[in-house]
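This report looks at charged side chains and how they pair. Start with the view below, then read on.

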Amino acid sequence: MASAKLLVNKWIRNYSKAWVKRDAKAIASLFTEDAIYHSHPFRPVNQGRKSIMDYTLGALDVGEVYEVRFGKPVVEDSRAAVEYWTTMKEKVEDVTLAGCVILHLAKNGLCMELHDYWVLQTGKQQAPPNWGR
């Protein structure tokens, strides 16, 4: 089995590529069939790959994704926490989405559970110095 750090970094790379391409199917494929996806602390939980794909289709309904950046993950056993910073064009304006995801990966590298904590700001915002380390 690959090391946990390798699995987490591979998952992040694949998620980032799919996010930039706005490919909900590719994102959903990174989760186990029965995965649990907490898209925000105050939103309903998405249970299962189909529910995750349906949520992601809505979340990716933006004009363009300019950039997706992930920081250096903190990994312990099969769990990881990693910051992200992305800029996008929503319907008519640029926005910046910054947050942190907590992942729990299965031995095969698919995500079994994800918790997302984020904030959305109008405009293209620059990440602060030393962000993501």
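Glutamate 33 pairs with arginine 49 in a salt bridge, with their closest N and O atoms 2.7 Å apart. A salt bridge here is a side-chain nitrogen of Lys or Arg within 4 Å of a carboxyl oxygen of Asp or Glu. Glutamate 33 sits in strand β1 (residues 31-38) and arginine 49 in helix α3 (residues 49-59), so the contact ties together parts that are 16 residues apart in sequence. Helices (H or I, at least four residues) and strands (E, at least two) are DSSP runs, numbered from the N terminus.

Glutamate 33 is exposed, at 55% relative accessibility. Arginine 49 is partly exposed, at 23%. The classes are buried (under 20% relative accessible area), exposed (over 50%) and partly exposed (in between), with a 1.4 Å probe and protein chains only.

## Basis of the model

This is a predicted model: local features need pLDDT of at least 70, side-chain atom pairs count only at pLDDT 80 or more, and totals for chains, interfaces and linings use all residues. Residues are numbered from 1 along each chain as its sequence is written, and side-chain values use heavy atoms, with hydrogens and water left out.

## The other bridges

How many salt bridges does a search of the whole structure find? It finds 3.

Lysine 50 bridges to aspartate 54, with the closest N and O atoms 2.9 Å apart. Both residues lie in helix α3, 4 residues apart, about one turn of the helix. Lysine 50 is exposed at 60% relative accessibility. Aspartate 54 is partly exposed, with a relative accessible area of 40%.

Lysine 91 bridges to aspartate 61, and here the closest N and O atoms are 3.1 Å apart. This pair links distant parts of the chain, 30 residues apart. Lysine 91 is in the loop between β5 (79-89) and β6 (94-105), while aspartate 61 is in the loop between α3 and β3 (64-70). Lysine 91 is exposed at 59% relative accessibility, and aspartate 61 is partly exposed at 49%.

## A positive patch

Lys10, Arg13, Lys17 and Lys21 form a positive surface patch. Patch residues have over 30% relative accessible area and no salt bridge; like charges are joined within 9 Å, nonpolar side chains (Val, Leu, Ile, Met, Phe, Trp, Tyr) within 5 Å. Lys and Arg count as positive.

Arginine 13 belongs to helix α1 (residues 4-21). Its relative accessible area is 47%, so arginine 13 is partly exposed.

How values were computed:
Areas by Shrake-Rupley, 256 points an atom, 1.4 Å probe, with all protein chains shown as cover. Charge placed at Lys NZ, Arg CZ, Asp CG, Glu CD.
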